[in-house]
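Here is my note on the model, as numbered points. Please read it with the structure open.

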Amino acid sequence: MIEMIVFPAIFIAFSSFLAWAAYRQFAAKDTREQDARLPVEFLMPRKVQEYSEGQHRLAEIRTEMEKSALPAARKHCLVQERNKIARRLLTSLHEDFTRLDRLMCAVAVVSMEVSHEQEFRRFLLSVQFGIRYRIAIFCLSMGMLPAHSVARLQFLVKRSGQNVQTLLRAVDESLSLNLDSTHIH
Amino acid sequence: MQLSSSESVLWFATIGLDVVLAALIVRLRFLFKFRFFSLFIAISSVRTIFLWLVYYFAGYASSLAAHAFWYSQPLLLISRAAMCVELCRLVLVRSRGLWPIARLVLLVTGGGILVYAVENSTRITFQIPQFVVAAERGLELSISSVLLALLFIASRYGIRIQRTPLLLVTGLCFYSLVQMLNNTLFQPWTSNHLHFYSTLRMIAFQLTQVVWILALFQRDSVTEQKLVQVIPLVYKENSEKVLETLHVLDDELEEISRR
């Protein structure tokens, strides 16, 4: 009896995945293989101007919210705006992660030797990060993310952005050197 | 008992599609590129024609027909498993660094489910139909899991699968999934379910054959892709640093969520 439930459920789940994966393959272009050759700025298309403006605005909102005599309507409006900016910053953190992960995948595909352990760890990390990101976005949309987290987010995104950019440059430079004389596929 | 007219139509359609596939494999010179696929089509064509002759002369419900069907079934299953291995190798072998990892993942996936299949089929009373059906269900699940794992790896690493192998993979995986379900829902050794089992099996196989015919007509399959060029040391030098950075990003996100 259990088999009559388990196997049809497996059938539905697997068929859906097959349809999705086959569609993705049909619609795919060689984007990831090209990612390895793209300049860092293209891999990190975050709009720097907009980003720093967002950070500046967050600081302003925080200062304004610390004022004691603030009408409730104004406070609500500020919270809304703060959450919107925080969401944007969170998304950029996710984009940084995804791009770096994708870049390493592209490098792994064209490498002679790939570490089992590191690939496995990176895969687990990407799954874990994906879950955490979705939870954080959910908390933010429900208004469950406390105010001080946003201030921390502001600092963290700035720092990690710099880290990622430095590393991406290193990878990109190495790739450019090696890809000048060769090409992928 | 003879085949009904609707069953005869299904049998003729299967034989016809098998012949078309075999002719295309020879005509388009896929014989050596997809050896196990070609072997599977050859076995399937011969078996289908042989079974039809047995059904026609000895009758559908005769013991000769039952023996001919169930004893030839394992041969078909083994050739299908070999085809699955061939497709995985064809898709991933170009990436030399990734291939050992992918091979390990696919072996663990397929092997794990095969262990279940063996355990499950040996639990069943040793009668050929029941045993073969249980073993087939496990093997079909194993094949579909391996092929889906292959598609997942290709998707994660951005490996673009050429149209021909992709359609072959899609067709094989679809047929394996339908057969897994078919073997669960209908017990083909009981005469009540035999008609449904047989009809669903043949329709699924015909759909698969059509997908495979489309696969053989894909143009990009004829030209060989250039081999992957090696980037020495880039992965080695950067993977650890990148992993650390990803860890930092993940920790930061955790920190945000926790506060």
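Is A:Glu119 buried or exposed? A:Glu119 counts as buried, at 3% relative accessibility. Buried means under 20% relative accessible area, exposed over 50%, and partly exposed in between (1.4 Å probe, protein chains only).

1. Basis. This is a predicted model: local features need pLDDT of at least 70, side-chain atom pairs count only at pLDDT 80 or more, and totals for chains, interfaces and linings use all residues. Residues are numbered from 1 along each chain as its sequence is written, chains are lettered from A and ligands numbered from 1 in the order in which they are written, and side-chain values use heavy atoms, with hydrogens and water left out.

2. Chain A. Chain A has 7 helices and 0 strands. Helices (H or I, at least four residues) and strands (E, at least two) are DSSP runs, numbered from the N terminus. Of its 185 residues, 42% are buried. Among chain A contacts (heavy atoms within 4.5 Å) with a separation of 6 or more, 83% are between residues 24 or more positions apart.

3. Chain B. Chain B has 8 helices and 0 strands. Buried residues make up 54% of its 259 residues. For contacts with a separation of 6 or more, residues 24 or more positions apart account for 77% in chain B.

4. A:Glu119 and A:Arg122 form a salt bridge (2.6 Å, N to O). A salt bridge is a side-chain nitrogen of Lys or Arg within 4 Å of a carboxyl oxygen of Asp or Glu. The two are 3 residues apart in helix 6 (residues 116–141) of chain A, so about one helical turn separates them. A:Arg122 is also buried, with a relative accessible area of 2%.

5. The pair between chains. A:Asp101 forms a salt bridge with B:Arg156, with the closest N and O atoms 3.1 Å apart. A:Asp101 lies in helix 5 (residues 72–109) of chain A and B:Arg156 in helix 5 (residues 128–156) of chain B, so the pair joins two chains. A:Asp101 is buried at 7% relative accessibility. B:Arg156 is buried at 13%.

6. The network. Salt bridges link A:Asp101, A:Glu119, A:Arg122 and B:Arg156 in a network. Over all chains, the count comes to 8 salt bridges.

7. A pair within chain B. B:Arg80 and B:Glu136 form a salt bridge, the closest N and O atoms being 3.8 Å apart. B:Arg80 lies in helix 3 (residues 63–92) of chain B and B:Glu136 in helix 5 of chain B, so the pair ties together parts 56 residues apart in sequence. B:Arg80 and B:Glu136 are buried.
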